[in-house]
Amino acid sequence: MTQIFDERGDIHPVTVLKAGPCVITQLKTLAKDGYEAAQIGYVDFVKASKINKAMTGHFAKSNVPPVRMIKEVELEAVKTAEGEEKVTAKAGDRILVDIFNDERFVDVIGTSKGRGFAGVIRRHGFGGGPKSHGHMFQVQGSIGASSFPSRVFPGQRMPGHMGHAQITVRNLRIRGIDLEDNLLLVEGAVPGPRDGFVLISKAKAPPRERRGFAGAATKDALKASKKAAPSKKK
């Protein structure tokens, strides 16, 4: 992460994401595959020895270079001059960061950092027991009930594997776009380690912003609310 200043001098913590270049390696159609989607891949240098024959033939079929990561995304229909919605994407098309030029928020999907086997103190934030001599302060304690119901309820918070799960962070505000290097600056943190892979998509449910209370046009939410409030006469 890093930080940037806006035109008012306010500081914002941002994460720099390299959003491409990506390429469409395959198009899933309703007639052939039963659903419509696009298979995209992140274009990066990959040794030929690391690609098996099956994937080599798959890339050659669409005449695309070897890619590092492959994901499937939904297709977005574009309205034509006749007013009909049509999918204009085809295999081999490049996807760059300029698709977010008209967007203000994005959703980021990634895999969180793996923390191994963790106890309830670290995994669930339990308070623990007494820390004085003779006590085992980080032990979970009893998890069962009495003679009724004589079982452990499903979903009981217990020690176990922590992290390494798919996490979706929604409505991250776009703070900057670098078209030359395909860089996207989003405000806030994204899941996963440094140099990890994430899936960036347009926000499905962007927040509703009101003029004078949120958004880029707001100078200060607190000052704007006080200014809008009726003044008391002395």
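Glu76 is exposed, because its relative accessible area is 54%; exposed means over 50%, buried under 20%, and partly exposed in between, with a 1.4 Å probe and protein chains only. Glu76 sits in the loop between E5 and strand E6 (78–79). Helices (H or I, at least four residues) and strands (E, at least two) are DSSP runs, numbered from the N terminus. The side chains of Glu76 and Lys202 are joined by a polar contact of 3.1 Å. A polar contact is a pair of N or O atoms within 3.5 Å; within protein, one must be able to donate a hydrogen and the other to accept it, and residues adjacent in sequence count only if both atoms are side-chain atoms. Glu76 and Ala89 lie 13 residues apart in sequence, with 8.8 Å between their C-alpha atoms.

A word on the basis of these values. This is a predicted model, in which local features need pLDDT of at least 70 and side-chain atom pairs count only at pLDDT 80 or more, while totals for chains, interfaces and linings use all residues. Residues are numbered from 1 along each chain as its sequence is written, and side-chain values use heavy atoms, with hydrogens and water left out.

Let us turn to the sheet. Four strands form an open sheet in the order E5-E4-E3-E8, with antiparallel pairing; two strands pair if DSSP finds at least two bridges between them. At the edges are strand E5 (67–73) and strand E8 (94–95), each of which pairs on one side only. Strand E4 (residues 37–43) is joined to E5 by five bridges, and the two run antiparallel. Within this pairing, Val43 stands opposite Val67 in E5. Which helix lies across E3, E4 and E5? Helix H2 (residues 53–62) does, running at about 90° to strand E3 (22–28). Axes here are lines fitted to C-alpha atoms, for helices over the stretch in contact, and angles run from 0 to 180 degrees between N-to-C directions.

Rings of Phe, Tyr and Trp (its six-membered ring) pair if their centres lie within 6.5 Å; planes under 30 degrees apart count as stacked, over 60 as edge-to-face and the rest as tilted. By this rule the count is one aromatic pair. Tyr42 and Phe197 form that pair, edge-to-face, at 6.0 Å centre to centre with 70° between the planes. The pair links distant parts of the chain, with Tyr42 in strand E4 and Phe197 in the loop between E13 and E14, 155 residues apart. Tyr42 counts as buried because its relative accessibility is 17%, whereas Phe197, at 42%, is partly exposed.

Next, the hairpin. Strand E1 (residues 2–5) and E2 pair in the antiparallel sense over four bridges, and Phe5 stands opposite Ile11 in E2. Five residues lie between E1 and E2 in this hairpin, and Gly9 in the turn has a positive phi of about 90°.

Thr15 is found in strand E2. Is Thr15 buried or exposed? Thr15 is buried, because its relative accessible area is 9%. A polar atom of the Thr15 side chain lies 2.5 Å from the backbone oxygen of Gly188. Beyond its neighbours within four places in sequence, Thr15 is in contact with residues including Met1, Leu184, Val186 and Val190, where contact means heavy atoms within 4.5 Å.

I come now to the backbone geometry. Most residues other than glycine have a negative phi, and most peptide bonds are trans. Here, a cis peptide bond joins Gly20 and Pro21, with omega about 5°; Pro21 lies in the loop between strand E2 (11–18) and E3. Another cis peptide bond joins Phe148 and Pro149, with omega also about 5°. Asn63, in the loop between H2 and E5, has a positive phi near 55° and is exposed at 70% relative accessibility. Asp195 has a positive phi near 65° and is likewise exposed, at 74%.

Finally, the chain as a whole. The secondary structure comes to four helices and 14 strands. Of the 234 residues, 22% are buried. Among contacts with a separation of 6 or more, 66% are between residues 24 or more positions apart.
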